[in-house]
Amino acid sequence: MHDRIAQLENLVLSLKDREGNSRAQHPSLFAEANLSADASQLPTSLGRISLENEETNYVEGSHWTAILDGIAELKNCFNDSDVPQRAESNTSRLGMESILQTRRAALIFGDVQHLDRDEILASLPPRSEMDGLLASYFNSKNINSLAIHGPTFLEEYDRFWECPAKASIMWIGLLFSMICLAAIHQQLAKPASDQQESLAQGFRELDGMQIYRDCVVQCLALAATPNSPTSVWILLGITVQIAFRMSYRRDGSHSSHLSPLQAEMRRRVWAIIFQLASAAAGQYGLPRMINASKVDTAEPRDVSDDALSPEMTELPPSRTDPGPSPIQFLVMKNRLMSTFNLVIDLVSSPKQVVSYAEVMKLDQILNEQFTSMPAALRMRSMSRQLTDTSDVILNRVFLALSFHKSRCILHRDYMLAGRSDRRYLYSRMSRINAALEIQHIQASLHEESQPGRRLHHDRWKYSALVKHIFLLATTILCVDLDYSLRDRNIESEIGDEFSDRIVGSLTKSYSIWLQSSDKSRESQKVTEMLRIVLGKARTKDESSMTASSNDSAFFLMGLYIQIPSSCTIPCNTG
């Protein structure tokens, strides 16, 4: 069967080449054919979803195995278990290649011994051997060699041998990775041999490659910043790619192998992955991993586990109970996160200017999503949630923070313009109001997380997830207040009353950040920022009060005159 498939694949490729030649020779004929084709009549390819050995695999519709599914004789006949297994051989090039390909990724699985810097340096081969490997690396003309500027690296290489202790651990890791790639290239480029002496040498070289790989991992581990979110981001990326491979981004209804229960549970899993990946992108300030245009998985239905069973042939309808549920929260949060992703795409695009019409369009979508949310999930004061569980309260908090954070970021580019141009005043007001709402939530959570309060034992559920949002709001208000203090002689579209609200909110926030400043570098930075900005505001208020007192005194004496700010009023000591 596999021989027939290989033959068919060659036939498809040859037909494709012929089609390309025909297009080049007769472009007008193909142009007419394209114009006459009706897209609605064209077959749609959903890719290939297979369920083999309790593992779900997926390939795009452009993959050749998915194309073969369209042939009746071969459909459902292609199974990985049908592939003839090659006899184990360590006497050919295939044996070496197999060993190289089946080694587990030490960086991911942690299959490596922990070494210190001196032990890592001791693993380097002699310089004469390293010189040969590096020469092979640069002369191989592989694409990876383009990432290294040869002359600069060779200068650093000479300095390394003069004093290895001065080299950074990341540079040492780069050196190990280069000699490892060079050793692999040398091994694969050797002619095949069945001689025992040659095979023994080959396996010794494989052991050396493994040592080089392990040292690369050790260098990365030593260079890693403590408490860095990078590891979480990497793991999420791996999780997302595995989900792609297992077709979670495609709705389960496309596969006849999946039961209604399996399809629905896959929707739940994908909804969770989407939420985690989107939230992490916003938290770490990195591009999102999931392209919404490549996803057609439906939202999970709001049904309880008791309403689902493996034997069912059709899913029950969503529940009509007005009370909150975890599925309801998951769906609402993902809708807000989808719009948040659009906001990030708009304001972070390096190739387009942010149109104000687009900003207002997304602002309308956000407002509609937030106001149309089920009443059970809408934010309310803590005094009105006395009978609710902590999970319900936190779900409302998460939804409100997602909404306000999206508005803060959406109106970023027009906030400062709104100080002097009334056309963009809405953006400034929206961003500041959203930041003030976030700080109000921060104060409420801080109060409820004190010993003896309802959220004290649930702090771990939200503290790390929302801290970056509180930092965002604090920074926005500090920036706006700082501009107001610098431009205090220029008439602003927002009066002192609004500035007073900002000062009051930042003052409360300062006391909150100060309590954690001895445990977090971020808290230390934001505390110092608040101290400086609030200090400026206090100085301005004191100056205004002094000027007002002086003005009143001159009025009472009947001697009111306008005194330039550069002059000094001497004190009467007599």
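**Aromatic contacts and a loop serine**

Biologist: Are Phe-138 and Phe-153 buried or exposed?
Modeller: Both Phe-138 and Phe-153 are buried. Keep in mind that this is a predicted model.

Biologist: How many aromatic pairs are there in the whole structure?
Modeller: The search finds 14. One of them is Tyr-137 with Phe-138, an edge-to-face pair with 5.3 Å centre to centre and 85° between the planes.

Biologist: And Tyr-137, buried or exposed?
Modeller: Tyr-137 is buried, as is Phe-138.

Biologist: What is the geometry of Phe-138 with Phe-153?
Modeller: That pair is tilted, at 6.1 Å centre to centre and 55° between the planes. Phe-138 belongs to helix H7 (residues 127-139) and Phe-153 to helix H8 (residues 150-162), so the pair ties together parts 15 residues apart in sequence.

Biologist: Which residues form one aromatic cluster with those?
Modeller: The cluster consists of Tyr-137, Phe-138, Phe-153, Tyr-157, Phe-160, Trp-161 and Trp-171.

Biologist: Switching to charges. What sits over the ring of Tyr-248?
Modeller: The charged end of Arg-266, 4.1 Å from the ring centre. Over the ring of Phe-340 sits the charged end of Lys-405, with 4.3 Å to the centre.

Biologist: Last topic, where does Ser-517 lie?
Modeller: In the loop between helix H19 (496-515) and helix H20 (521-557).

Biologist: Why does Ser-517 count as buried?
Modeller: Because its relative accessible area is 17%, and buried means under 20%.

Biologist: What does Ser-517 touch, leaving out residues up to four places away in sequence?
Modeller: Ser-523, Gln-524 and Thr-527.

Conventions:
Residues are numbered from 1 along each chain as its sequence is written. This is a predicted model: local features need pLDDT of at least 70, side-chain atom pairs count only at pLDDT 80 or more; totals for chains, interfaces and linings use all residues. Side-chain values use heavy atoms; hydrogens and water are left out. Rings of Phe, Tyr and Trp (its six-membered ring) pair if their centres lie within 6.5 Å; planes under 30 degrees apart count as stacked, over 60 as edge-to-face and the rest as tilted. Buried means under 20% relative accessible area, exposed over 50%, partly exposed in between (1.4 Å probe, protein chains only). Helices (H or I, at least four residues) and strands (E, at least two) are DSSP runs, numbered from the N terminus. A charge sits over a ring if NZ of Lys or CZ of Arg is within 6 Å of the ring centre and within 35 degrees of the ring normal. Contact means heavy atoms within 4.5 Å.
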